[in-house]
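Let's take a walk through this protein together. Have the sequence and the coordinates open as you read.

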Amino acid sequence: MNAWKTAAAPRRLLTAALAGSLIAAPFLAAGSAHAASAYTVKDNDTMWKISVSHGVSLTSLIKANPQIKNPNIIWGGMIITIPTKPATVSAPVQAPATTTATQYAQQVATLANQQRAAAGLSPLAFDSALSKMAVDKARDMIANNYFDHTSPTYGSPFDMMTRYGIPHSYAGENIAEGQRSPQEVMTAWMNSAGHRANILNTHYKKIGVGYYNSAWVQEFTD
């Protein structure tokens, strides 16, 4: 039974039993606010033209310049204020409902078997005991704020399999964090040599999959 690992972040992958790592950009990017600024009016400018060119509403532009008594009358050389544009922030990833998490697990297993079929390999059997372990590992990573094969609660993946009464003479684990969907995490794993090797390993006969609040876990046994 082999086990070694590599580290990666922030959209992260880690594999045990076969080496591999992937470093990718964060999946969330908050928009930035633009500070209010001064603008010198040009000849032939209108308030409407200025609002369009600066990406602000005409109403907010007028409100930001109470010194202009008639917005229809401005002239070149005037100094006006361009109001602050509101910040835009990406919505945070939410943990799916239990039903959705179960569907995610099934979808990951299906996608893994599609990859194996394309490589001429036999499919992996979806194993409920391995999947329960995978879910518990995903929950443990989130609860204890770590990203590693060795759990402060359960030890190594192989220790955890023994603790859960899962027989194995050849086993492996892939973990990932931050991917938004089964397809995204499978694409990331398949683009990483070590993770792909785990998914396409001819020794494995069973797969378990767990998802919890952005953490993904695949467990494999013979």
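Start at N145, which is exposed because its relative accessible area is 72%; buried means under 20% relative accessible area, exposed over 50%, and partly exposed in between, with a 1.4 Å probe and protein chains only. You will find N145 in the loop between α4 and α5. Although N145 is not a glycine, it has a positive phi of about 55 degrees.

Before going further, a word on what you are looking at. This is a predicted model, in which local features need pLDDT of at least 70 and side-chain atom pairs count only at pLDDT 80 or more, while totals for chains, interfaces and linings use all residues. Residues are numbered from 1 along each chain as its sequence is written, and side-chain values use heavy atoms, with hydrogens and water left out.

N44 also has a positive phi, near 75 degrees, and is a residue other than glycine. N44 sits in the loop between β2 (37–40) and α1, and it counts as exposed because its relative accessibility is 66%.

Now for the overall plan. The protein has seven helices and seven strands; helices (H or I, at least four residues) and strands (E, at least two) are DSSP runs, numbered from the N terminus. Read from the N terminus on, the order of elements is β-β-α-α-β-α-β-α-α-β-α-α-β-β. Of the 222 residues, 41% count as buried. Among contacts with a separation of 6 or more, 67% are between residues 24 or more positions apart, where contact means heavy atoms within 4.5 Å. The protein exposes about 11200 Å², of which carbon and sulfur atoms supply 56%; accessible areas come from the Shrake-Rupley method with a 1.4 Å probe, and for residues only the protein chains shown count as cover.

Let's turn to the charged side chains. The structure holds two salt bridges, each being a side-chain nitrogen of Lys or Arg within 4 Å of a carboxyl oxygen of Asp or Glu. One joins D136 and K132, at 3.1 Å from N to O. Both of these residues lie in helix α4, four residues apart, which is about one turn of the helix. D136 is buried, because its relative accessible area is 16%. The other salt bridge pairs E173 with K137, whose closest N and O atoms are 3.0 Å apart. This pair links distant parts of the chain, with E173 in strand β5 and K137 in helix α4, 36 residues apart. Both E173 and K137 are buried.

(Lys and Arg count as positive and Asp and Glu as negative; His and the chain ends are not counted.) Leaving out residues up to four places away in sequence, D127 touches K206, I207 and G208.

Next comes S169, in the loop between α5 (157–163) and β5 (171–177). S169 is exposed, because its relative accessible area is 52%. Its side chain is joined to that of D222 by a polar contact of 2.2 Å; such a contact is a pair of N or O atoms within 3.5 Å, where within protein one must be able to donate a hydrogen and the other to accept it, and residues adjacent in sequence count only if both atoms are side-chain atoms.
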